[in-house]
Amino acid sequence: MNAKSTEKEIEQQAIDKKLDAALPSEEGNPKSHGEILKQQIIDGQETYDKNPISILLSSLTAGLEIGFSYLLLSTLYSFLVGKVQEDTIFKVMSFVYPIGFIMVILGQSILFTEQTSLLTLPVLNKKRSVGSLLKLWSLVILGNLVGGCFMAFIMVWIGPQLGIFNVQSIEAIAVHVSHYATSVILVSAILAGWLMGLLSWLIAASRDTLSRIAIIFMITTVLAFAGLHHSIVGNVEVFAGFISSPKITGMDYIAFESVSLVGNALGGAVFVALLKYRAFVYDVK
């Protein structure tokens, strides 16, 4: 073992020791950085230890449940179109956007963007490998996308049947989400992933359900109002457009989804997990 490896081991031991020393704060006091980080690493490791079938089913459930945000978005768009300007409609839609996220996060289903930074932290803390992270991300993304696509099929059929929205509404939302240049979608998705990683961090910092609902609502409303690209909700929006409108091609869907997934992953892993972890590490030195 060379000197560099020994130095890294000593550093890791010091980090772990400080994390272990991060005791729960008293009721009414805010949680410390170390306490939140410790909880996030423990929660992340628990996900790694779950059965792969359990992870896949939980992520499938998240993909299905996030579809209820799309149900409300499409219904509200159809209700307001022709009554107010379209740009105003898309801003108003941001206030119903959080509903699916509240269902998913409080229901403990596994949503890729909310779990990105959480699952990265055990890797940064040398408790899990990069390979195991990529495998877990793949399972979660697969479940989220399959669930979302299934909901898109249901929405495309049930909306017109109930008379709550039509194909024109589905098409307008899909085009609005996907018509940007690839570089714009990438940067937008990075910002969205950053916000979702921060959401996970703030949820860990909160102590009660009402606070968590307020945090979810605040973060996801900001995300929607700014028009940032979320790969899992966007999956439902763009896939619904693909199966119902000639304006969205298969390549449009694949390009949008692949770029937004990469951007969301970078945003959560780099701007939340890495920065929060390194801030703690430098405090140890």
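**Close-up 1. Ser188 in helix 10 of the predicted model.** Start with Ser188, which sits in helix 10, the stretch covering residues 182-205. Is this serine buried or exposed? Ser188 has a relative accessible area of 8%, so it falls under the 20% cut-off and counts as buried. Leaving aside residues up to four places away in sequence, Ser188 touches Gly227, Leu228 and His229.

**Close-up 2. The largest pocket and the residues around its centre.** Here you are looking into a space of about 440 Å³. Its lining comprises 18 residues, and those closest to the centre are Asp43, Gln108, Glu114, Gln115 and Leu118. Helix 2 (33-48), helix 6 (98-106), helix 7 (112-124) and helix 10 are the elements that each contribute two or more residues to this lining. Which of them gives the largest share? That is helix 2, with five residues.

Close-up 3. At least two lining residues come from each of helix 5 (86-92), helix 9 (167-178), helix 11 (209-225) and helix 12 (231-244). Sorted by class, the lining of the second largest pocket has 14 nonpolar residues, alongside six polar and two charged ones.

Methods: Residues are numbered from 1 along each chain as its sequence is written. This is a predicted model: local features need pLDDT of at least 70, side-chain atom pairs count only at pLDDT 80 or more; totals for chains, interfaces and linings use all residues. Side-chain values use heavy atoms; hydrogens and water are left out. Helices (H or I, at least four residues) and strands (E, at least two) are DSSP runs, numbered from the N terminus. Buried means under 20% relative accessible area, exposed over 50%, partly exposed in between (1.4 Å probe, protein chains only). Contact means heavy atoms within 4.5 Å. On a 1 Å grid over the protein atoms alone, a cavity is a set of points where a 1.4 Å probe fits but cannot get out, and a pocket is an open set with protein on both sides within 12 Å along at least five of seven lines; lining residues have an atom within 4 Å of a point. Grid points are joined across faces, edges and corners, and a volume is the space filled by probe spheres set on the points. Ala, Val, Leu, Ile, Met, Phe, Trp, Tyr, Cys and Pro count as nonpolar, Asp, Glu, Lys and Arg as charged, and the others, Gly among them, as polar.
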